[in-house]
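Subject: Structure handover and notes

Hello,

Please find the structure below. My notes on it follow.

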Amino acid sequence: MDFSTQLQSYMKEMGVSAKNLAAAAGISVSALSRYRNGERTPANDEEKLRALADGIAGCATVPEPPYTAEEIYQEFSNIIGGGLAVSYEVYIRNLKQLMEVMGISNNELSRELAFDASYISRILSGKRRPSELRGFNQQIVSLVNRKCSDRKALETLAGLLKKDRSELVDEKKREEEVYFWLGSNKEDMMQQPVRNFLAKIDAFDLEEYNRMNKFDEMKIPSPSHVSLPKRKVYIGLKAMMEAQLDFFRLTVTNKSEEPVFLYNDISMREMMQDADFTRKWIYGMSALLRRGLKLQIIHDVHRPMTEMMQGLETYIPMYMAGQIEPFYLTRGQGDLFSHLLWVSGGVVLMGEALSGYPMEGMHSLTNHSVELKYARKRAKRLKDKALPLMRIYKEEDRVEMLREQKELMEEGERKIISGFLPFFAMGEDETRKILEEKGFDERQSQVILRQVNNYKRSLTGLCRKDKVRLEVPEVTAEEFRKAPVSISFAGIGRNIICELSYQEYQRHLEQLKKAAKETGGNLEIVPNPALTFRNLSVSVIYGKAVIVTKSKAPLCSFIIRHPNMVRAFEQYTPEADEEEN
C-alpha cells in the first residue's frame with residue numbers, strides 16, 4: 001500500500017479530520033492535502049513521521065482506536081523507507097532525470113518492466129510505489145546497461161553521474177554507480193533543468209540586463225569592408241575561442257544584412273569555464289543583435305537534458321530580443337566527429353573535432369567567395385533538415401502567436417501552472433473598466449474584448465472535450481504583501497497587468513472556481529502554495545507542446561514542441577521552497 005492510501009485509511013478508521021490532524025502534526029492543511037492525494041510524500045524523517053502518527057492517534061474520535069501511535073509510525077516508516085537512503089520523493093526525481101538523460105520513455109520502461117503504461121505514470125508522479133523496489137531498480141539498471149552499449153550513451157551516463165567514461169566501462173561497476181545515484185540526494189538547481197530554466201525567465205528583466213552589462217551603451221562600428229586573409233586557421237582551445245570572437249567582430253563590421261546561421265555540436269564546456277571568454281562571447285552575440293541581424297541557430301539537443309537546458313539558458317536574453325529562430329535536428333550527427341558551421345553575409349567559420357576531444361579541434365575562418373558560397377548552401381541544407389525548437393513571440397507578434405495558440409487550444413488534455421491569475425473568469429463590464437483605466441480608447445478596447453472573448457470560447461470548447469488542470473497561487477495575506485498576485489492579459493499577447501488588493505485577489509480566485517464548475521468539472525482549479533514565480537504561465541499540452549508566457553519585462557511567449565523538452569515539462573511539478581514543519 002502506498003503512503004497516501006495508508007494515510008487516508010488511518011484517518012477514516014480513526015475518525016480523524018484533515019483540519020485537526022494538520023494542526024496536531026504542525027503542518028498546513030494544503031500540505032496534508034498533497035500527502036492524502038498522492039501529489040507528495042513526506043521525507044523519511046522520524047520527527048515528521050512521528051508527528052503525523054501522534055497526530056492521528058491523538059485526534060482519534062472512534063471509541064476504541066484500532067491502532068497506537070507507535071504502530072502507525074512503524075507502518076509509515078516501512079512505507080517511506082523501503083531500503084532507500086533518501087525520501088521516495090527524491091528517489092522519483094532521480095529516476096525521472098535518469099530517464100530524461102538516457103532517452104527512456106514511459107512506454108519503453110513499461111515494456112521493460114511488463115507493467116501497464118498508466119501504472120508507470122502513477123509511479124513517476126509519486127502516486128504509486130513499486131511493491132518490490134529492489135527488483136524494480138534491477139530492471140531499470142539492466143535497461144540502462146543495454147543502452148550503454150552505444151558509446152555516446154555511455155558518455156551521456158558518465159556526464160550525469162559525474163564520472164569519467166573509463167570508470168563505467170565495467171558493467172558491474174556501472175550498475176553499482178547507477179544504484180548509488182538513484183538513492184542519492186542530488187538536490188540542487190543544476191539537477192532540476194526545467195525549474196532552473198523557468199526561474200531564469202521569470203526573473204529576467206531585459207532593461208536591467210542591458211543596463212548591468214552596459215549593452216545600452218554598446219558602440220557598434222559602422223559597417224565597412226574589412227580586409228581578412230583569405231583563410232585563417234586556428235588549432236587548440238585558446239585559438240578556437242579566438243576564432244569565435246573574430247567571427248563576431250568581422251560579422252558586426254560587415255555591410256551584409258543577411259541572417260547569421262550558427263550550428264555547433266562541439267562541446268563548449270571547457271571554453272565557457274573561462275569567465276573572460278564567456279563575457280566576450282555574450283557581448284559578441286549581443287553585438288550581432290544590436291546590429292539588427294537575425295540569428296538562425298541549430299541547437300545541439302542530443303545531450304543530457306540538464307546540459308541542454310543550461311545551454312538554452314545562455315540564450316534567454318537573446319530570445320527576449322525577438323531576433324532568434326532556434327532549430328534542432330531530429331538525430332545526432334554521429335559519434336566520431338563534432339562540427340561547427342557559422343555563416344554570415346561576409347564570413348564563414350568552419351570547425352571540427354574528434355568527439356570527446358574538443359580541445360584538440362581545428363577552426364578555419366575565411367571570406368573566400370568559393371568557400372562562402374559552399375558554406376551558405378551547406379547551411380541551407382542543414383536548416384531544411386531541422387525543425388523549430390521553439391517559436392518566440394514578442395508583444396508585436398501577437399497575431400501570429402494567437403493563431404498558433406488557437407490551433408493548440410482545439411484539443412488536448414493539459415495542465416496550466418500560472419503565477420498570476422488569468423483573465424477569463426472576469427465579466428465584460430469588469431474587463432472594459434480595466435481597459436478604460438489603462439487608457440485604451442473605445443476602438444482599442446473593442447479589439448481587446450474580441451480577443452478576450454475568442455480566448456474564452458476556445459477554452460470553453462476545449463473543456464467540452466478534454467480535462468484542463470489550472471494551478472494558481474494560494475497565498476496568505478502576509479505572503480501576498482511580500483509577493484502580490486496580479487491579473488494578466490499576457491495569454492492574448494497584451495501587456496496589461498491589473499494589480500490587486502488581497503481582497504480582490506480572493507474574489508477573483510472565487511470567480512475562477514465558479515467558472516470551473518460551469519464547465520462540468522473538466523476545468524479543475526488547483527490553488528497551489530508552492531508557486532514561487534509571479535511573471536509566468538506554463539501551459540503543458542500532453543504529448544504535443546508547451547507554452548511559456550512571460551507577462552512583463554518583456555512580455556514574451558515561447559511555444560515549445562521538441563518531444564524531450566515537452567516530456568520534461570510534463571514531469572515538472574512546482575515545489576514549496578519553505579519547510580513544512
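Helices (H or I, at least four residues) and strands (E, at least two) are taken from DSSP runs and numbered from the N terminus. This is a predicted model, in which local features need pLDDT of at least 70, side-chain atom pairs count only at pLDDT 80 or more, and totals for chains, interfaces and linings use all residues. Residues are numbered from 1 along each chain as its sequence is written, and side-chain values use heavy atoms, with hydrogens and water left out.

Helices 10 and 11

The loop between helix 10 and helix 11 contains V169. With a relative accessibility of 51%, V169 counts as exposed; here exposed means over 50% relative accessible area, buried under 20%, and partly exposed in between (1.4 Å probe, protein chains only). From V169 to D300 there are 131 residues along the chain, and their C-alpha atoms are 25 Å apart.

Helix 10 covers residues 151–161 and helix 11 covers residues 171–182; their axes come within 11 Å and cross at roughly 45°. Helix 10 is therefore oblique to helix 11. Axes are lines fitted to C-alpha atoms, for helices over the stretch in contact, with angles running from 0 to 180 degrees between N-to-C directions. Angles under 35 degrees count as roughly parallel, over 145 as roughly antiparallel, 65 to 115 as roughly perpendicular, and the rest as oblique. The crossing of helix 10 and helix 11 is left-handed, a term used when the near helix is turned anticlockwise from the far one by less than a right angle (right-handed if clockwise).

Salt bridges

How many salt bridges does the structure hold? There are 25, where a salt bridge is a side-chain nitrogen of Lys or Arg within 4 Å of a carboxyl oxygen of Asp or Glu. Side chains of opposite charge can pair when their charged atoms come close.

One of the salt bridges joins K232 and E242, with the closest N and O atoms 3.5 Å apart. Since K232 is in strand 1 (residues 232–235) and E242 in helix 14 (residues 237–252), this pair ties together parts that are 10 residues apart in sequence. Both ends are partly exposed: K232 has a relative accessible area of 31%, and E242 has 39%.

Within helix 14, D246 and R249 sit 3 residues apart, about one turn of the helix. Their side chains meet in a salt bridge at 3.6 Å, N to O. D246 counts as buried at 11% relative accessibility, whereas R249 is partly exposed at 47%. K232, E242, D246 and R249 are linked in a network of salt bridges.

A further salt bridge pairs R279 with D276, the closest N and O atoms being 2.8 Å apart. R279 and D276 are 3 residues apart in helix 16 (residues 275–290), so about one helical turn separates them. D276 is partly exposed, its relative accessible area being 36%.

Backbone points to check on screen

Helix 7 (residues 106–113) has E108, L109, S110 and L113 as its buried residues. A114 follows helix 7 and lies in the loop between helix 7 and helix 8 (117–124). The phi of A114 is positive, about 60°, although A114 is not a glycine. A114 is exposed, with a relative accessible area of 68%.

A553 also has a positive phi of about 60° without being a glycine. A553 is in the loop between strand 16 and strand 17 and counts as partly exposed at 30% relative accessibility. The peptide bond from A553 to P554 is cis, with omega near -5°. P554 is in the loop between strand 16 (545–550) and strand 17 (556–560).

Surface patch

Which residues form a nonpolar patch on the surface? They are L336, F337, L354 and Y357, with about 390 Å² of accessible area together. Patches are made of residues with over 30% relative accessible area and no salt bridge; like charges are joined within 9 Å and nonpolar side chains (Val, Leu, Ile, Met, Phe, Trp, Tyr) within 5 Å. Accessible areas come from the Shrake-Rupley method with a 1.4 Å probe, and for residues only the protein chains shown count as cover.

Regards
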